[in-house]
Amino acid sequence: MARSEGPGGSRGTAKAAVTNTERRQRVIDDLKQRIALGEIPLGSRIVEAEVTSRLGISRPTVREALSQLARHGYLVQEAYRGYRVSEIHRERVRELATVRVANDMVAIEGILGDESGKRMEQLDAVLQEYLARMNKPDPIERHEAHMAFHRGIWEASGNTFMMKLWPVLEAEMTLVLAVEQEQRHNDSRARALHESLVECIRRGDREEIHENLRMHVVDSAEEFLEFFDATIGRTI
């Protein structure tokens, strides 16, 4: 590794490490956004040389980024063939919905258990940020707003362990939304669903919250599968 440009070699090493981290994150953000937009279709092969050339970032750094994306579930690594974008399957969509409801209920319990009300205030702020960003014309902005809303529920819970699980869940949600947003994006419906969920949490009725989550997540997953079959013309 190259040492410091000036006196104090350790500082030079740290600077190089930060720069490399930023470059790796640039690759990660670029590929996540392109997957979310459908520019890289699910199942497509990621050509390492193409990413290196397009972004002007070295192969070792690109390789590190691809490995991280694979760990989180965006990509699948195949022996002797490199990486390809993960695909979604019927049972995987349903499993994701079930896991989302269960984990969201855990997070919401953390919010409801805060007698100070500060976690609910944090969730209200998350909702307002989501609504503001959903008005933007940029589809990536809207996608990131959606991810930030659901991540915000977990953050407001104060459960730090759940946040370690978030990158994997985010990857699964992105893969589904990459298809869903392209085919049946409905901003008005999305805003209404998220406002309704926060209102249920504010009232604190756990049965109502669970039913709202089921409609928001499980029923939407089934609608998505039916829509996909009818529109794309094949079963996943």
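Let's start at a loop. Tyr 80 is found in the loop between E2 and E3. Helices (H or I, at least four residues) and strands (E, at least two) are DSSP runs, numbered from the N terminus. Is Tyr 80 buried or exposed? Tyr 80 is exposed, with a relative accessible area of 88%. On the terms: buried means under 20% relative accessible area, exposed over 50%, and partly exposed in between, with a 1.4 Å probe and protein chains only. The phi of Tyr 80 is near 70°, a positive value in a residue other than glycine.

A word on the source. This is a predicted model, where local features need pLDDT of at least 70, side-chain atom pairs count only at pLDDT 80 or more, and totals for chains, interfaces and linings use all residues. Residues are numbered from 1 along each chain as its sequence is written, and side-chain values use heavy atoms, with hydrogens and water left out.

Now the sheet. It is open, has three strands, and runs in the order E1-E3-E2 with antiparallel pairing. Strand E1 (45–46) and strand E2 (75–78) are the edge strands, each pairing on one side only. Two strands pair if DSSP finds at least two bridges between them. E1 and strand E3 (residues 82–85) are joined by two bridges and run antiparallel. Which residue of E3 is the bridge partner of Ile 46? That partner is Tyr 83.

Next, the helices beside it. Helix H3 (residues 59–72) lies across E1, E2 and E3, at about 50° to E3. Axes here are lines fitted to C-alpha atoms, for helices over the stretch in contact, and angles run from 0 to 180 degrees between N-to-C directions. Helix H2 (residues 48–55) meets H3 too: their axes come within 9 Å and cross at roughly 115°. On the H2 side we have Glu 48, Ala 49, Val 51 and Thr 52; on the H3 side, Arg 59, Val 62, Arg 63 and Leu 66. Contact means heavy atoms within 4.5 Å.

On to the aromatics. There are two aromatic pairs in the structure. Rings of Phe, Tyr and Trp (its six-membered ring) pair if their centres lie within 6.5 Å; planes under 30 degrees apart count as stacked, over 60 as edge-to-face and the rest as tilted.

Take Tyr 130 and Phe 149. Their pair is tilted, at 5.3 Å centre to centre and 50° between the planes. Tyr 130 lies in helix H5 (residues 118–133) and Phe 149 in helix H6 (residues 139–157), so the pair ties together parts that are 19 residues apart in sequence. Tyr 130 counts as buried, at 2% relative accessibility. Phe 149 is buried as well, with a relative accessible area of 0%.

Then Trp 154 and Trp 166. This pair is edge-to-face, with 5.4 Å centre to centre and 75° between the planes. Trp 154 sits in helix H6 and Trp 166 in helix H7 (residues 160–184), twelve residues apart. Trp 154 counts as buried at 2% relative accessibility, and Trp 166 at 4%.

Last stop, Ile 35. This residue is found in helix H1 (residues 9–37). At 1% relative accessibility, Ile 35 counts as buried. What does Ile 35 touch, not counting residues up to four places away in sequence? The list is Ile 40, Leu 42, Tyr 74, Leu 75, Val 85, Thr 174, Leu 175 and Ala 178. Ile 35 and Leu 177 are 142 residues apart along the chain, yet their C-alpha atoms are separated by 9.5 Å.
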